[in-house]
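Subject: Structure handover

Hello,

Here is the structure for you to look through. My notes on its core and its rings follow below.

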Amino acid sequence: MASENPLLDIPFDIPFDHIRAEHVVPAVDALIDDAQARLDAIVAVDGPRTFANTLGALEEATEKLGVMTTVVGHLESVATTPELREAYNEAIPKVSAFWSRIPLNSDLYAALKAYAETEDGKALEGPQARLLEKTLDEFRRHGANLADEEKEALHALDVELTRKTTRFAQNLLDETNAWDLVVTEESKLAGLPPSAKAAAKQAAEDKEVEGWRFTLQAPSYIAVMTYLDDAAIREQMWRAYNTRASSGERDNRGLIVEILKLRRQKAKRLGYADFADFVLEDRMAKSGEKAMAFVDDLRAKTQAAFDREKDELLAFRRELEGDDAPALQPWDVAYYAEKLRQSRYAFDEEELRPYFEVERVLEGLFALAGELYGIEVKRRDAPAWDEDVRCYGVHDGGEMIAAFYVDLHPRENKRGGAWMNALISGASLDEMGPHLGLFCANVTRPTKEGPALLRHSEVETLFHEFGHLLHHALSEVPIQSLAGTNVAWDFVELPSQIMENFCWERASLDHFARHHETGEPIPEALFAKMQKVRTYRAATAQMRQLGFATVDLRMHRELDPEALTPESMLAFARDVLDAHASAPVPDDYAMICGFNHLFASPTGYAAGYYSYKWAEVLDADAF
């Protein structure tokens, strides 16, 4: 029975504990039929066209389908199972096909244009006027003016692009989970901090193996790269991480070529020179050329400092090991950089870890939001997808204006990285309701010996994602498709990156940075050292980001996908990234095959990775 499917009419408190794989495809089929009927009703309006029966009705027509697909996509990324993946892979092309057909619907486009010519349409102001302008533009940009045969070709491209990018993300998750390293001799763990050893011991116990288990999940991988004395193990992990999904049955190389080809074909059919020009037309940068110029300018300003930092690191290694010490390899860089930082500043990030107990960090983050925005964050009961997930409400003057879930730690059924997602928008022309969202991370887990103590960079990650969440939760825009994070993509990182600044301010740190055993704040001497190292190797960090932005833009602007092979694509990406790297990368370097930002969705950050640096300029001014 329809009423037994929890995905058909999702309430604010989403019944995550009742959603099953078998619900997905029937819900998709039913909600696509419902949305299509609503679109048909807009076309069939008999009488004067108004905002309510045309533009407003279009906003509402796909609301249930949108929420349902967001929820299912979220579950596939945080609680995947073979059954859910199978259902998702069957359902998502259907959804993609439906979305793709909306701007290709000639009768619907004619109805919108007819409404725009009415007195009612011409009299719109504020968000409603913006919605009309943006909707007509989006229809045009996505093929509304194409001939019928071109529309069909574009539609097929969109569906296939969804299939390929979904497969890319699933390959990467499976590849990450397929690899681990168990060390049975404690002597090989020299240099590793106690926190990392405890986490590795816990990971081994969880798999019922003896020794210390290391994985390619961020907390494990970063600890080894930064601290482990054994260069052979560092190399083994580095190569495993940077060749993920580049061979065998989960080879993403060919998928990248196909994705680039489909994106280029789509842009050409829509009248654009390349995919970068297509996606950037309605963003702040406006064109691939302008985005590339921005990145090139930053690189020119960074190069000298970057070269100096590389020379300093090699000189430091030779101070330690003699003039005949070998050149740095990629798996050496983080290790010697940490030793140089300790030598130059007498600072070890592990000194800070006892002050960043994860629960206190969250409490401090929420208290800071209260001071900044006059809100109150309170724990609330709601079903979730994992027992470690918790839910909170955002209150303003006694009214709950939003709620959100927090999912902090790595699991094998959860993808890597950190992200925020908007599940439900409360935006309404009649009465604003509460918003619902979430943020996820993959930070250090607690162990049997003690609580989760975070690295400072992990604290920054939580502040970053909560900034995105606040952008959604505090939105007062009364139209869903314009509310919250639905802004120009190269602006969207501003609220998140501005929040990162508070991780360096004494006043905000004192909210939460307390020793987990003594309750003492960060000592002034340690705080002073922390400030001194804030820009340590900043040119290297910036060049790394510029490398990602450059390979992204150049792949989407310069490459002819029709002439690409998996091998030539990988060689191109390797050469671009090598020019931005602190040490020459080997020939099989395949980081691009794990670049979810670019290839895990039809658009995502494709031709838009520069946005992080673009928004960083804005956040520096704003903060």
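**Rings and core**

Arg234 lies over the face of Tyr335, 4.0 Å from the ring centre. A charge counts as over a ring if NZ of Lys or CZ of Arg is within 6 Å of the ring centre and within 35 degrees of the ring normal. Lys201 does likewise with Trp212: its charged end sits over the ring, 4.1 Å from the centre.

Some ground rules. This is a predicted model, in which local features need pLDDT of at least 70 and side-chain atom pairs count only at pLDDT 80 or more, while totals for chains, interfaces and linings use all residues. Residues are numbered from 1 along each chain as its sequence is written, and side-chain values use heavy atoms, with hydrogens and water left out.

Now the aromatic pairs. The whole structure holds 32 of them. Rings of Phe, Tyr and Trp (its six-membered ring) pair if their centres lie within 6.5 Å; planes under 30 degrees apart are stacked, over 60 edge-to-face, and the rest tilted.

- Phe356 and Phe512 make a tilted pair, 6.1 Å centre to centre with 35 degrees between the planes. Phe356 is in the loop between α15 (330–345) and α16 (358–373), and Phe512 is in helix α19 (residues 506–512), 156 residues apart. Helices (H or I, at least four residues) and strands (E, at least two) are DSSP runs, numbered from the N terminus. Phe356 is buried at 0% relative accessible area, and Phe512 is buried at 0% too. Buried means under 20%, exposed over 50%, partly exposed in between (1.4 Å probe, protein chains only).
- Phe404 and Phe466 are also tilted, at 5.7 Å and 55 degrees. Phe404 is in strand β5 (residues 399–407) and Phe466 in helix α17 (residues 456–473), so the pair ties together parts 62 residues apart in sequence.

There is a ring cluster as well. Ring pairs link Trp489, Phe548, Phe595, Tyr605, Tyr609 and Tyr612.

Which residues touch the most other members of the largest nonpolar core? Among its 83 residues, they are Phe214, Met237, Ile256, Met555, Ile592, Phe599 and Tyr610. A nonpolar core is a set of buried Ala, Val, Leu, Ile, Met, Phe, Trp, Tyr and Cys residues joined through side-chain atoms within 4.5 Å. Helix α21 (residues 538–557) gives the most to this core, with 8 residues. A second, separate core has 60 residues, including Phe51 and Val67.

Best regards
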